[in-house]
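Visitor: Please take me through the helix packing here, contact by contact. I want the angles, the residues and their classes.

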Amino acid sequence: MVDWLGPLPVEALHGIGPRQAQTLRDYGVHCVGLLAAVPPATVQRLLGGRAGRQAVDRARGIDPRPVAPRALPASASVSRTFPRHTLDGAAVRAALLDLVVTLALQLRRRGQAARGLTLALRFAGGTTWEKTRRLPEASAHDDDLRTLAYRLIDAAGLQRGRLTGITLKGEDLIAAGQVAEQISFDGAREARLVAEEVSDRIRAKFGPGAIRPATTLLRVS
């Protein structure tokens with residue numbers, strides 16, 4: 001029997017309803033530990049064949065039911081709404097970088113990586129623009145997502161478009177364990193990845209806003 005189960009009342013055990021719990025109490029079995037000690041045949045006479053077997057097994061920490069892992073979502077998105085219509089290229093890129101960092105952190109926390117990105121822009125008057133591109137290889141690193149996100153915003157050719165909102169979506173997500181680790185001789189990239197790991201630990205301890213790129217502090221005007 002699992003030690004922590006013993007002191008629990010019998011009704012705390014999965015599958016034991018109020019009527020069954022009362023039947024067990026009438027025979028002096030008021031906690032899971034006592035139920036685990038009763039011969040299975042006795043419990044089967046009290047609760048019925050199948051219900052008795054299950055009750056004893058679970059009281060002893062035995063549950064043969066298969067555990068179905070919850071499927072992780074195939075995409076993840078983050079959005080930003082501008083308080084005013086904006087034409088400011090620097091402010092738009094600052095907002096996009098903030099979305100990149102937020103999305104990348106979300107993916108790393110979930111143990112996933114994106115194979116592609118979708119950028120969606122909303123304009124004054126209700127018009128929208130959307131484009132999807134694939135990453136060279138699946139990633140959840142800030143650098144990789146930022147590079148592709150900037151290419152997407154460049155492809156939009158904003159010019160004088162008045163933006164009201166922006167959404168960045170990671171597409172075709174896979175488990176991070178499926179991403180092959182490439183040997184890199186790029187010292188600068190390796191240093192950034194180390195800094196990313198340190199940043200993640202700081203955020204885990206002090207909150208997601210504890211550390212962020214200075215550029216994201218630009219105010220949209």
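**Helix against helix**

Guide: Helix H3 (residues 40-47) packs on helix H4 (residues 49-59) with their axes 7 Å apart, at an angle of about 130°. H3 is therefore oblique to H4 (under 35 degrees is roughly parallel, over 145 roughly antiparallel, 65 to 115 roughly perpendicular, the rest oblique). This is a predicted model, where local features need pLDDT of at least 70 and side-chain atom pairs need 80 or more, while totals for chains, interfaces and linings use all residues. Numbering starts from 1 along each chain as its sequence is written, and side-chain values use heavy atoms, leaving out hydrogens and water. Helices are DSSP runs of H or I, at least four residues, numbered from the N terminus. Axes are lines fitted to C-alpha atoms over the stretch in contact, with angles from 0 to 180 degrees between N-to-C directions.

H3 crosses H4 in a right-handed sense (the near helix is turned clockwise from the far one by less than a right angle). From H3 come Pro40, Val43, Gln44 and Leu47; they meet Gly49, Ala51, Gly52, Arg53, Ala55 and Val56 of H4 (contact: heavy atoms within 4.5 Å). By class, that contact has 6 nonpolar, 3 polar and 1 charged residues (Ala, Val, Leu, Ile, Met, Phe, Trp, Tyr, Cys and Pro are nonpolar; Asp, Glu, Lys and Arg charged; the others, Gly among them, polar).

Now to helix H5 (residues 89-110). Its axis and that of helix H6 (residues 142-156) come within 9 Å, crossing at roughly 140°. So H5 lies oblique to H6. Their crossing is right-handed. H5 brings Val92, Arg93, Leu96, Leu97, Val100, Val101, Leu103, Ala104, Leu107 and Arg108 to the contact; H6 brings Asp142, Leu145, Arg146, Ala149, Tyr150, Ile153 and Asp154. The classes are 12 nonpolar, no polar and 5 charged. Within this contact, the charged end of Arg93 sits over the ring of Tyr150, 4.9 Å from its centre (for Arg, CZ within 6 Å of the ring centre and within 35 degrees of the ring normal).

H5 also meets helix H7 (residues 187-206): the axes come within 12 Å and cross at roughly 85°. H5 is therefore roughly perpendicular to H7. Val101, Leu105, Arg108 and Arg109 of H5 touch Glu196, Asp200, Arg203 and Ala204 of H7. This contact has 3 nonpolar, no polar and 5 charged residues.

Definitions and conventions. Helix = DSSP H or I, 4+ residues; strand = E, 2+ residues; numbered from the N terminus.
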